[in-house]
Amino acid sequence: MKNYLSIANSPVMFFVCSIVILYVFIQSFVFMRRAWKRGKEIGLSTQVMKSTILGSGLFSVVPSIPILIILVMLMSVLGNYFPWLRLSVIGSSSYENVAANIAARSFGLLSYTDSGYNASIFVSTMWAMSICILYEPLLVVFGKKSLDRGMTSLRKHKPVVYTLLIDGIFIAMMGWFCAPYLTYWTEKPEQILALVALITAGISALVLNWLAKKTGRHFFMEMSFPGGMLIGMLGSYIANLFL
Amino acid sequence: MKNKDTNKSEAYLNTTHRLGKISTVIAILLILMVPTVITAVYGKDIEFDIPKTVSAIVTLTAIYGVVSIVEVVSFSPFLGSAGTYLSFITGNIMNMKLPAATNALRVNDMERGTDEGEVITTLAIGASSIVTTLILFLGMLFLGNLLVPIITGPALAPAFNNVTPALTGALAAPYFMKNKKLSIPTIIAAVLLYLILGYSFMSANYSYFMLGFIVVSFLCYLGMYKIGFIKEAPKK
């Protein structure tokens with residue numbers, strides 16, 4: 001049997017993974033170009049659209065770093081190209097690691113780092129991870145238009161219920177996301193750093209918003225989210241020095 | 001004039017859906033092409049165990065099937081139409097695309113579901129996807145092996161291990177502050193659930209509880225509005 005890393009790091013693997021990633025990369029440009037043209041049509045200023053692209057691009061650098069860590073971790077076991085594909089297209093840092101482990105466990109291994117990992121398991125892992133990641137895009141293909149129609153109709157006929165549904169649910173979702181960081185330290189004391197990051201980031205974002213209002217400078221508003229996030233990380237770094 | 005604008009808006013959205021569906025289907029086929037080509041090229045050199053592969057697929061489906069439904073229903077209203085198609089192909093929604101879209105709307109003081117909101121969310125999500133793809137490409141080439149020892153080292157690990165809570169705090173705080181009457185009971189309820197049931201149990205059943213929590217919260221907000229506890233819809 002062939003060594004699985006010779007398959008995982010083969011030129012064939014690089015070629016097929018590159019095609020998919022290149023396609024998805026171009027897809028982003030196509031959607032953005034359409035949006036840009038539509039923005040011009042409805043009177044959005046070039047400045048607003050440019051600053052949105054720049055702000056979003058800059059913000060995305062820092063949250064990409066944990067994904068980079070997962071990439072390197074997976075690359076050491078699954079080869080260079082498949083993890084690159086999985087994390088660039090649909091995948092998420094939380095899904096890929098777990099999915100690779102589950103696939104390995106179906107073959108009686110403890111994890112994908114097990115010494116018994118071979119080419120057969122690698123190819124099966126590729127199939128399992130590729131198929132199971134497709135449920136979300138399939139649901140979007142078949143359900144998004146109906147979901148949008150329902151939302152448009154609700155917005156037209158019951159605007160308050162619509163706003164409660166959209167913005168209220170966002171608050172509920174954020175509350176739900178915050179809860180583990182607010183509580184996990186009671187079980188695992190070192191998780192106090194996550195709580196510090198959450199609170200420091202929140203307060204910093206509020207202060208930057210307040211500065212934007214006080215000074216009338218839009219820059220502070222634009223910085224409130226990425227700046228808050230960076231200060232939150234700094235907060236956990238500083239807190240760790242005292243622990 | 002207004003009718004003409006509405007028609008243009010509808011035409012834009014219809015084309016978005018068509019383009020989104022076609023491009024997503026092509027992406028799905030391309031994703032499946034990868035294991036297909038590898039199996040075709042190297043299949044004769046390996047023993048391909050179909051029953052165990054199916055077993056892995058069934059296990060993953062049992063875990064991620066529900067997660068998929070919850071994520072599509074919960075996230076897509078916040079991403080816009082084009083943004084949803086893009087996000088569910090490029091991935092990393094909760095930690096990248098959702099914050100990028102939400103922040104872009106807030107900074108520009110725009111509403112979800114409007115023509116302006118649709119354009120802005122698409123631009124924000126597209127830019128976020130491009131940056132992540134480039135970083136991962138560089139990561140695959142050399143950046144990963146160069147950076148990872150530094151950011152996972154003892155000096156910087158406390159900061160980089162906590163990117164997600166920092167991101168969540170910076171995103172959520174302005175909304176919580178503007179909607180105290182809704183957010184305070186919501187946070188208290190979520191915290192109590194975690195404290196009573198424990199982190200391990202909640203993590204194991206994350207998607208089910210998230211769905212239930214969102215539905216119950218919405219019904220409570222509706223009740224609070226009906227009895228006049230909140231006088232107006234939530235502020236952005």
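Tutor: Chain B holds 10 helices and zero strands; helices (H or I, at least four residues) and strands (E, at least two) are DSSP runs numbered from the N terminus. In sequence order, chain B therefore reads α-α-α-α-α-α-α-α-α-α. Its C-alpha trace spans about 70 × 55 × 40 Å along the principal axes.

Bear in mind that this is a predicted model, in which local features need pLDDT of at least 70 and side-chain atom pairs count only at pLDDT 80 or more, while totals for chains, interfaces and linings use all residues. Residues are numbered from 1 along each chain as its sequence is written, and chains are lettered from A and ligands numbered from 1 in the order in which they are written.

Now to the contact itself. Two residues are in contact if their C-beta atoms, placed from the backbone, lie within 7 Å. By that rule, 129 residues of chain A touch 126 residues of chain B. On the chain A side, helix H9 (residues 159-183) gives the most, with 22 residues. That side of chain A divides into 89 nonpolar, 30 polar and 10 charged residues. Here Ala, Val, Leu, Ile, Met, Phe, Trp, Tyr, Cys and Pro count as nonpolar, Asp, Glu, Lys and Arg as charged, and the others, Gly among them, as polar.

Helix H8 (residues 135-157) of chain A and helix H2 (residues 50-79) of chain B have axes that come within 10 Å and cross at roughly 35 degrees; the axes are lines fitted to C-alpha atoms over the stretch in contact, with angles from 0 to 180 degrees between N-to-C directions. The crossing of H8(A) and H2(B) is right-handed, meaning that the near helix is turned clockwise from the far one by less than a right angle. From H8(A), the residues making the contact include A:Tyr135, A:Glu136, A:Lys144 and A:Met151. Those from H2(B) include B:Tyr64, B:Gly65, B:Glu71 and B:Pro77. By class, this contact of H8(A) with H2(B) has nine nonpolar, four polar and three charged residues.

Residues 54-72 of chain B are 100% helix and 0% strand, with end C-alpha atoms 25 Å apart. For chain A, the unreviewed UniProt entry gives the feature at spans including 53-78 and 119-143. Residues 119-143 of chain A are 92% helix and 0% strand, and their end C-alpha atoms are 37 Å apart.

Chain B averages a pLDDT of 87, with 95% of the residues scoring at least 70; pLDDT is the predictor's confidence in each residue, from 0 to 100. Within chain B, confidence is lowest in H2(B), at a mean of 83, and highest in helix H8 (residues 180-197), at 94. Chain A has a mean pLDDT of 88, and 98% of its residues reach 70 or more. In chain A the mean is lowest in helix H6 (residues 93-105), at 76, and highest in helix H2 (residues 11-41), at 96.

Notes. UniProt positions renumbered as here; feature names shortened; annotations may be inferred.
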